[in-house]
Amino acid sequence: MATENKVIRCKAAVAWEPGKPLCIEEVEVAPPKAHEVRIKMVASSVCHTDWGYLYEYRKGMRPRPFPLVLGHEGAGVVESVGPGVCGFSPGDKVIPLFMSQCKECEFCLSPKTNLCPKIWEKAQQGVLEDGSSRFTCRGQLVYQFFSISCFSEYTVVPEYNITKIHSDAPLDRVCLLGCGVSTGYGAALNTGKVETGSSCAVFGLGAVGLAAVMGCKAAGASRIIGVDINPDKMEISRKFGVTEFVNPKDHNKPIQEVLMELTGGGLDYCFECVGNVAVMRVALESCKPAWGTCVIVGWTELGEITLTPMDILMGRTMKGSFFGGWKGVDSVPKLVEDYMSGRLMLDEFVTHTLSLEQINQAFDLMVSGKSIRSVIKM
């Protein structure tokens, strides 16, 4: 390609400081270094985690360096590869992954986890493996979010944070598999291991929660209760598999008491997909005391969960799910295939398609509850 080994100038949504709207800027994207891939982004969906790191920065979220290019749920096409890269070629369709899979470390070699520490600490610092970013703007370095930064027309990503997908995959749909849909769907199938005929409750019916509903249905759950304070989610959630909808605002008692009465003693599985420690406690208390499993799916760094021994002593289990338990490099291409064969819903999650210049509008739609997922076309 004509751009290979050259700096590319393109548009990106830059977060100059926390708490302020993103600005569309011209940025410079350097060529990939060893074991890196430069990607021409085609589409990126907007996740609540992007909003959280921008607007909850001073409320207790782990500080990230600014300026920063956010975005971690995208898809694109390989533009060029750095030295030592063997698995990717220009023109390949790919999905960047915020969780690496190096396939060499103790974690990657274990079937017990999908975590990989390969570049995790560097990613938290907003840099790639060599300690620098490939983005600059107005003469200064711009940091990368989770090492990928999808809110840019081009980005550079470590090769262990990318997976190659089917050449016919529609990138404006499969981009959702970079985070939210994979996370919720896998939380039910991989982490919770929902059983056929079981009862489930999903707290929070955004994209992650609806994907968890979809996972519960795929696993054969006979009863799936959706819990959300937005009444508009009642009809939306039914097409994903919700059999009953409960709005806490419609009741004058704690929602865990409502669910205990509704189910005759609690649910087999509860999934917290909000990212709120109070809701996490409610989800646990809504499980059957003897064997109920509570899965924490919602991402937050704010607050602490308080428990008493009796909350779990009788047999309840509480566990966390990160990226739905998927080893991303291996699993995401299979999820793409599932979508393309009609076994996985993605189209139904996309409520808005916007341009990069409208990215702040996408945040507004999300926090107001008017969207499930907005896809940004680059």
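**Close-up views of a predicted model**

**View 1. Thr293 sits in strand S15, which covers residues 293–296.** Helices (H or I, at least four residues) and strands (E, at least two) are DSSP runs, numbered from the N terminus. This is a predicted model, in which local features need pLDDT of at least 70 and side-chain atom pairs count only at pLDDT 80 or more, while totals for chains, interfaces and linings use all residues. Residues are numbered from 1 along each chain as its sequence is written, and side-chain values use heavy atoms, with hydrogens and water left out. Is Thr293 buried or exposed? With a relative accessibility of 11%, Thr293 counts as buried; the word buried means under 20% relative accessible area, exposed means over 50%, and partly exposed is in between (1.4 Å probe, protein chains only). Setting aside residues up to four places away in sequence, Thr293 touches Asp268, Tyr269, Cys270, Cys287, Thr317 and Lys319. Contact here means heavy atoms within 4.5 Å.

View 2. The C-alpha trace spans about 65 × 40 × 40 Å along its principal axes. For 378 residues, a compact globule would have a radius of gyration near 21 Å, and the 20 Å of this chain agrees with that; the radius is taken over C-alpha atoms, and the globule rule is 2.2 Å times the number of residues to the power 0.38. Of the 378 residues, 56% count as buried. Among contacts between residues at least 6 apart in sequence, 70% join residues at least 24 apart.

View 3. A search of the whole structure finds 12 aromatic pairs. In this one, Tyr53 and Phe146 are 6.1 Å apart, centre to centre, with 90° between the planes. Rings of Phe, Tyr and Trp (its six-membered ring) pair if their centres lie within 6.5 Å; planes under 30 degrees apart count as stacked, over 60 as edge-to-face and the rest as tilted. Which parts of the chain does the pair link? Tyr53 belongs to helix H1 (residues 48–55), and Phe146 to the loop between strand S8 (140–144) and strand S9 (154–158), 93 residues apart. Both Tyr53 and Phe146 are buried.

**View 4. Tyr185 and Trp326 form a stacked pair.** Their ring centres are 6.4 Å apart and their planes are at 20°, so the pair is stacked. Tyr185 lies in helix H4 (residues 180–192) and Trp326 in the loop between strand S16 (317–320) and helix H10 (328–340), so this pair ties together parts that are 141 residues apart in sequence. Tyr185 counts as buried at 8% relative accessibility, and Trp326 is buried too, with a relative accessible area of 13%.

**View 5. A cluster of rings includes Phe322 and Phe323.** Ring pairs join Tyr53, Phe98, Trp120, Phe145, Phe146, Trp299, Phe322 and Phe323 into this cluster. Phe322 is in the loop between S16 and H10. Not counting residues up to four places away in sequence, Phe322 touches Phe98, Met99, Asn114, Leu115, Trp120 and Trp299. From Phe322 to Gln124 the C-alpha to C-alpha distance is 16 Å, and the two are 198 residues apart in sequence. Phe323 is found in the loop between S16 and H10 and counts as buried at 3% relative accessibility. What is phi of Phe323? It is near 50°, a positive value in a residue other than glycine.

View 6. Most residues other than glycine have a negative phi, and most peptide bonds are trans. Phi of His35 is near 65°, a positive value in a residue other than glycine. His35 is placed in the loop between strand S2 (23–29) and strand S3 (36–45), and at 34% relative accessibility His35 counts as partly exposed. The peptide bond from Phe66 to Pro67 is cis, with omega near 0°. Pro67 is found in the loop between H1 and strand S4 (68–69).

**View 7. Val279 lies in helix H8, residues 277–285.** Its relative accessible area is 22%, so Val279 is partly exposed. Which residues is Val279 in contact with, leaving aside its neighbours within four places in sequence? They are Phe203, Glu272 and Val274. The C-alpha atoms of Val279 and Gly298 are separated by 9.8 Å, and the two residues are 19 apart along the chain.
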